[in-house]
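Here's a quick briefing for anyone meeting this structure for the first time. Take a look at it below, then read on.

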Amino acid sequence: MHELGIIAQVVKIAKKTAEANNLTKINKIVLQVGELSGAVPLYVERGFPAVVYNTPMQDCELKVEEVTAYGVCEDCRHEFPIVKCEGKCPKCHSDKFNIISGTQFIIKEIVARSS
């Protein structure tokens with residue numbers, strides 16, 4: 001499960017961000033995980049407690065927002081949800097498309113405070 005390594009990096013970035021802003025307590029981290037990011041949101045959510053266990057971030061809340069992958073058809077320019085449509089344009093049935101969203105794994109928000 002490579003998600004544990006990803007989560008460890010997210011925690012590291014959150015800690016550095018908090019330190020750089022003189023914040024001592026991280027209450028919440030919000031992630032955006034695209035359908036085509038390669039990370040499984042459920043594994044991210046389940047792995048997070050193991051990564052922060054017995055650390056100052058143990059009580060930190062994690063919120064994962066799943067981002068739908070959209071593509072634009074190269075033939076008819078129609079935008080469509082790639083996974084839902086199984087990689088085929090629902091308008092012209094072409095399988096040629098450019099990805100316009102859904103590949104990201106982003107730290108959207110870090111909620112923290114000072115003591």
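Let's start with helix α1, which covers residues 3-20: its 18 residues reach 26 Å from the first C-alpha to the last, close to the 26 Å expected at 1.5 Å a residue. Bear in mind that this is a predicted model.

**Helix α1**

- Which residues of α1 are buried? They are E3, I7, V10, V11, A14 and A18.
- As for what covers the buried residues of α1, the list includes β1 (25-34), α2 (41-52) and β6 (105-113).
- Just after α1 comes N22, which takes a positive phi of about 55 degrees.

**Helix α2**

- The length of α2 checks out too: its 12 residues should span 16 Å at 1.5 Å a residue, and its end C-alpha atoms are 17 Å apart, which agrees.
- Inside α2, the buried residues are P41, V44, G47, F48 and V52.
- They share one side of α2, since they cover an arc of only 130 degrees around the axis.
- Over on the other side of α2, R46 and A50 are exposed.
- The cover over the buried residues of α2 includes α1, β1, β2 and β6.
- After α2 you'll meet N54, whose phi is positive, near 60 degrees.

**The nonpolar cores**

- How many residues does the largest nonpolar core have? It has 17, and those with the most contacts inside it are I26, I29, L31, V44, F48, M57 and L62.
- Four elements, α1, β1, α2 and β2 (61-67), each supply at least two residues of this core.
- The largest share comes from α1, with five residues.
- Apart from this core lies another one, made of five residues, among them A69, C73, I82 and C89.

**L62, up close**

- L62 is one of the residues with the most contacts inside the largest core, and you'll find L62 in strand β2.
- Is L62 buried or exposed? With a relative accessibility of 17%, L62 counts as buried, because the cut-off for that is under 20%.
- Setting aside residues up to four places away in sequence, L62 touches I29, L31, V44, E45 and F48.
- For a sense of distance, L62 and G5 are 57 residues apart in sequence and 16 Å apart in space, C-alpha to C-alpha.

**The aromatic pair**

- Search the whole structure for aromatic pairs and you get one.
- Why is the pair edge-to-face? The rings of F80 and F97 have their planes at 80 degrees, with their centres 5.7 Å apart, and planes over 60 degrees apart count as edge-to-face.
- This pair links distant parts of the chain: F80 belongs to strand β4 (residues 79-81) and F97 to strand β5 (residues 97-101), 17 residues apart.
- F80 counts as buried at 1% relative accessibility, whereas F97, at 23%, counts as partly exposed.

**Two polar side chains to look at**

- Strand β2 is also where E65 is found.
- The side chain of E65 makes a polar contact with the side chain of K108, at 3.1 Å.
- Leaving aside neighbours within four places in sequence, E65 is in contact with V30, L31, Q32, V33 and K108.
- S94 lies in the loop between β4 and β5, and at 8% relative accessibility S94 counts as buried.
- What does the side chain of S94 reach at 3.1 Å? It reaches the backbone nitrogen of K96.
- Not counting residues up to four places away in sequence, S94 touches C73, D75, G87, K88 and C89.

Notes: Residues numbered from 1 in each chain as written. Predicted model: local features only at pLDDT ≥ 70, side-chain atom pairs only at ≥ 80, totals over all residues. Heavy atoms only, no water. Expected span 1.5 Å × (residues − 1). Buried < 20%, exposed > 50% of the residue type's maximum accessible area, 1.4 Å probe, protein only. Contact = heavy atoms within 4.5 Å. Core = buried A, V, L, I, M, F, W, Y, C linked by side-chain atoms within 4.5 Å. Phe/Tyr/Trp six-rings, centres within 6.5 Å; stacked < 30°, edge-to-face > 60°. Polar contact = N/O pair within 3.5 Å; in protein donor to acceptor, adjacent residues only side chain to side chain. Arc of directions from axis to C-beta.
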